[in-house]
Amino acid sequence: MTEPAPRDPSGLAARKAALDLLSAALSRRAGLDEGLSTPALAGLPARDRAFARALAMATLRHLGPIDAALAARLRSPPPERVMQALRLGAAQLFVLKTPPHAAVAATVALAPTALRALVNAVLRGLAREPPDLFDPDRLAPDWLYARWRAAYGEAEARAIAALIAEEPPTDLSLRPGATSDDLQGETLPGGTFRAAMGGDLTGWPGFAEGRWWVQDASAAVAARLLDPAPGGAALDLCAAPGGKTLQLAATGARVTAVDRSAARLRRVTENLARIGLSAELVAADAAAWPDERRFEAVLLDAPCSATGTFRRHPDVLWAARPPEIGKLAQVQARLLDAAARRVEPGGRLVYCVCSLEPEEGEGQTEAFLARAPGFRLEPVAPGEGGAPQASLRADGALRILPHHRPGGTDGFYIARFRRAP
Ligand SMILES: C[S@@+](CC[C@H](N)C(=O)[O-])C[C@H]1O[C@@H](n2cnc3c(N)ncnc32)[C@H](O)[C@@H]1O
């Protein structure tokens with residue numbers, strides 16, 4: 001992996017920024033992109049910010065094996081910031097391939113004077129006996145890996161975990177009628193364009209004209225399965241930042257998009273404006289929205305643990321906590337009931353989550369069908385919406401696992417229901 005070198009010769013400011021980003025992500029104060037826009041980091045030169053992000057990201061992608069290697073060389077856990085510095089040092093040595101003397105010197109400079117000898121010794125030891133930073137059995141936190149093995153089996157869990165170390169490609173959804181002729185990459189089943197380009201994507205052909213928006217291939221499947229009639233009324237619940245709102249609006253449906261975060265809805269407004277589409281936007285709690293309308297097509301992209309998005313957000317793996325999955329499952333059930341109340345007789349409801357956890361997916365469908373006798377699962381046809389063949393479950397819902405697409409894809413659960421007429 002080649003990354004832009006930081007501008008100050010010692011690279012200290014960029015490495016301190018990486019340390020702050022890593023600390024914030026692991027203590028759940030802020031994701032990497034949120035962290036980069038804090039006042040402390042917003043003032044850094046763009047090159048240093050890019051390096052800080054790349055270094056923190058490389059560390060998070062290999063955190064499991066890095067921590068195992070460090071634990072074997074530390075008698076007791078060092079103070080938090082020293083631990084973060086060691087993690088960054090290991091990522092520089094083995095992922096960014098920084099020459100050992102530079103990686104060690106830069107990491108030692110981040111540590112307090114009293115612990116510099118320790119940091120120096122640990123990193124030099126690692127450099128002499130490089131750990132395997134790609135071992136799939138160590139890439140995910142143990143508790144999460146155990147859950148995936150229980151849900152999907154050993155081989156599948158290992159294939160999922162192997163992707164934690166991989167940099168994901170960028171997938172684009174194209175505005176209707178837009179061409180991809182001047183973009184490099186390939187069109188995937190369903191129409192997603194998988195870009196094979198690097199650098200700042202706001203400089204890629206077509207960005208400024210609003211010809212495409214960034215949307216993972218799996219995330220694009222849900223709105224395709226809703227397939228609202230042109231001119232029909234579609235409701236998008238939990239809509240921000242609006243990837244699925246854009247897709248639904250692009251079909252010609254009259255879209256109402258609801259999200260409880262006014263700040264996140266502003267991103268939907270910006271995205272609609274850039275692509276040249278429109279929708280009615282509502283800032284409200286989807287479970288308590290005082291509106292009597294019913295819709296022929298309703299999409300619920302519920303808040304979830306987001307463990308399926310680890311390729312772009314590896315911090316979700318380390319920020320997730322087991323009890324939260326149960327709490328989120330309760331929120332999802334409440335939102336699913338609220339979404340069902342909005343579906344007109346004979347209408348469709350699509351439920352999806354970017355989670356790999358069965359309680360947030362299969363468990364929701366099972367419990368919902370038991371509570372809502374007026375709904376039945378409407379099975380997805382093989383390949384419909386561009387869904388990978390391997391993701392189609394016996395009941396007709398989709399369980400998309402990250403390795404179901406060559407090159408990887410976000411993990412998603414998607415179920416489509418039909419309300420009795
Ligand atoms: C997974 S994201 C949605 C992604 C979006 N559908 C897209 O395709 O770009 C979940 C969203 O749910 C919103 N949310 C969480 N709880 C909510 C609630 N009770 N009512 C409405 N929106 C909610 C969050 O603000 C967040 O924007």
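**Close-up 1. Contact of helix 5 with helix 6.** Leu63, Ile66, Ala69 and Leu70 of helix 5 meet Leu86, Arg87, Ala90 and Ala91 of helix 6 (contact: C-beta atoms, placed from the backbone, within 7 Å; helices: DSSP runs of H or I with at least four residues, strands: runs of E with at least two, numbered from the N terminus). The residues of this contact comprise seven nonpolar, no polar and one charged (nonpolar: Ala, Val, Leu, Ile, Met, Phe, Trp, Tyr, Cys and Pro; charged: Asp, Glu, Lys and Arg; polar: the others, Gly among them). The model is predicted: local features need pLDDT of at least 70, side-chain atom pairs count only at pLDDT 80 or more, and totals for chains, interfaces and linings use all residues. Residues are numbered from 1 along each chain as its sequence is written.

**Close-up 2. Packing geometry of helix 5 and helix 6.** Helix 5 (residues 63-71) packs on helix 6 (residues 80-94) at an angle of about 110°, and their axes are 10 Å apart (axes: lines fitted to C-alpha atoms, for helices over the stretch in contact; angles: 0 to 180 degrees between N-to-C directions). The two helices are therefore roughly perpendicular to each other (under 35 degrees counts as roughly parallel, over 145 as roughly antiparallel, 65 to 115 as roughly perpendicular, the rest as oblique). Helix 5 passes helix 6 in a right-handed crossing (right-handed: the near helix is turned clockwise from the far one by less than a right angle; left-handed: anticlockwise).

**Close-up 3. Buried residues of helix 5.** Leu63, Gly64, Pro65, Ile66, Ala69 and Leu70 are the buried residues of helix 5 (buried: 20 or more other C-beta atoms within 10 Å of the residue's own; exposed: 12 or fewer; partly exposed: in between; C-beta atoms are placed from the backbone). Their packing partners are helix 4 (46-61), helix 6, helix 8 (116-128), helix 9 (136-139) and helix 15 (315-319).

**Close-up 4. Helix 12 and the residue after it.** Eight of the eight residues of helix 12 (residues 219-226) are buried. Among them are Arg224, Leu225 and Leu226. Asp227 follows helix 12 and has a positive phi, near 45°.

**Close-up 5. Shell around the ligand.** The ligand is surrounded by 19 residues, of which Cys238, Gly243, Arg260, Ala286 and Asp301 are the closest (near: C-beta atom, placed from the backbone, within 6 Å). Helix 13 (243-250) and strand 6 (254-259) each supply at least two residues of this shell. The shell consists of ten nonpolar, three polar and six charged residues.

**Close-up 6. Arg266 in helix 14.** Arg266 lies in helix 14 (residues 262-275). Arg266 counts as partly exposed because it has 14 C-beta neighbours inside 10 Å. The C-alpha atoms of Arg266 and Ala240 are separated by 8.4 Å, while the two residues are 26 residues apart along the chain.

Technical notes:
Contact = placed C-beta atoms within 7 Å.
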